[in-house]
Amino acid sequence: MDDQTKRDCRELAMALADIARVETLRYFRRPHLDADNKQVEGFDPVTEGDRAAEAAMRSLIESRRPLDGILGEEFPPKPSSSGLTWVLDPIDGTRGYISGTPTWGTLIALHDGDKPVFGVIDQPYIQERFWGGFGQGQVEGPRGKLALKTSSVGGLKDAIIFTTFPEVGTPDDASGFAAVAKECKLVRYGLDCYAYALLAAGHIELVVEAGLQAYDIQAPIAVIEAAGGVTTNWQGGAADQGGRVLAAANPDIHSAALAILKDVL
């Protein structure tokens with residue numbers, strides 16, 4: 001990818017985050033916000049805000065880079081003719097969104113056919129934007145602009161670990177998380193994509209999750225790697241297609257957690 005294409009794609013990613021802010025905030029904390037359930041069993045909500053934000057982002061991509069592909073959570077995928085695909089999660093953390101908590105976010109990634117090369121984790125309500133790729137990583141928000149840099153903590157005994165749901169996923173998934181968590185200093189739950197942003201900013205050391213989709217993790221991968229962190233699956237392989245994910249602040253703490261998770265079937 002040449003430098004001009006990188007600049008164009010970074011500018012487009014920021015524009016996508018801008019329009020997603022408008023659409024998601026239009027519905028956030030609105031009284032009686034309706035949420036449809038996408039699952040026959042369980043609860044997987046989708047709102048007008050999810051659909052409006054993804055539709056607006058898709059329209060902008062189509063107008064600026066019509067040859068690029070699009071993979072989003074709410075609408076059918078569009079194949080790529082350029083080798084580049086935009087991966088969109090308009091509201092990562094819809095359960096938090098409908099609950100009025102500001103821990104959800106918009107995820108935007110650019111995948112080059114091999115891996116995510118640029119990503120944005122945007123929190124519209126508190127106006128924090130974490131982005132990374134093409135050799136840079138930054139957070140922009142109420143405290144200004146700061147370079148992203150992950151924590152240097154290298155041992156599990158001093159680590160803070162997050163996962164979104166206490167049950168994690170399957171019983172095997174839960175046992176894997178618990179095995180790592182019991183070695184850590186502090187265990188916290190919730191936050192959805194915001195936990196990955198905190199990891200990229202150096203505030204926590206580990207996020208361990210399971211059952212993810214590609215659009216859940218590709219933006220965090222790019223942001224975390226730009227900040228100096230490592231994201232793989234539980235076997236140490238690529239995590240860009242989702243599944244079981246281990247995100248770590250640095251190679252040392254990644255190795256320590258991976259040694260435990262590799263034993264999970």
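The legends below describe close-up views of one predicted model. Residues are numbered from 1 along each chain as its sequence is written, and side-chain values use heavy atoms, with hydrogens and water left out. Because the model is predicted, local features need pLDDT of at least 70 and side-chain atom pairs count only at pLDDT 80 or more, whereas totals for chains, interfaces and linings use all residues.

View 1. Seven strands form an open sheet with mixed pairing, in the order β3-β4-β5-β6-β7-β8-β9; strands (E, at least two residues) and helices (H or I, at least four) are DSSP runs numbered from the N terminus, and two strands pair if DSSP finds at least two bridges between them. The edge strands, each pairing on one side only, are β3 (69–72) and β9 (144–147). From one strand to the next, the twist averages 15°, where axes are lines fitted to C-alpha atoms, for helices over the stretch in contact, and angles run from 0 to 180 degrees between N-to-C directions. Within the sheet, β7 and strand β8 (residues 136–141) are joined by five bridges in the antiparallel sense, and Gly133 has Gln136 of β8 as its bridge partner.

**View 2. Two helices against the sheet.** Helix α2 (residues 48–64) packs on the sheet and touches β3, β4 (85–92) and β5 (105–111), contact meaning heavy atoms within 4.5 Å. The direction of α2 makes about 160° with that of β4. Helix α6 (residues 214–226) lies across β3, β4, β5, β6, β7 and β8, and α6 runs at about 100° to β6.

View 3. The structure holds eight aromatic pairs, in which rings of Phe, Tyr and Trp (its six-membered ring) have centres within 6.5 Å, with planes under 30 degrees apart counting as stacked, over 60 as edge-to-face and the rest as tilted. Phe118 and Trp131 count as stacked because their ring centres are 5.9 Å apart and their planes stand at 25°. Since Phe118 lies in strand β6 (residues 116–123) and Trp131 in strand β7 (residues 128–133), the pair ties together parts that are 13 residues apart in sequence. Phe118 is buried, with a relative accessible area of 2%, and Trp131 is buried as well, at 7%; buried means under 20% relative accessible area, exposed over 50%, and partly exposed in between (1.4 Å probe, protein chains only). Elsewhere, ring pairs link Phe28, Tyr97, Trp104 and Tyr125 into a cluster.

View 4. Eight of the eight residues of α5 (193–200) are buried, among them Cys193, Tyr194 and Leu198. After α5 comes Gly202, whose phi is positive, near 90°. His203 sits in the loop between α5 and β12 (206–212) and is partly exposed, with a relative accessible area of 48%. Not counting residues up to four places away in sequence, His203 touches Ile160 and Leu198. From His203 to Pro220 the separation is 17 residues in sequence and 15 Å in space, C-alpha to C-alpha.

**View 5. Residues around the second largest pocket.** Of the 14 residues that line the second largest pocket, the closest to its centre are Glu128, Val139, Arg143, Leu146 and His203. At least two lining residues come from each of β7, β8, β9 and α5, and β9 gives the most, with three.

Terms used: 1 Å grid on protein atoms, 1.4 Å probe; cavity = no way out; pocket = protein on both sides within 12 Å on 5 of 7 lines; lining within 4 Å.
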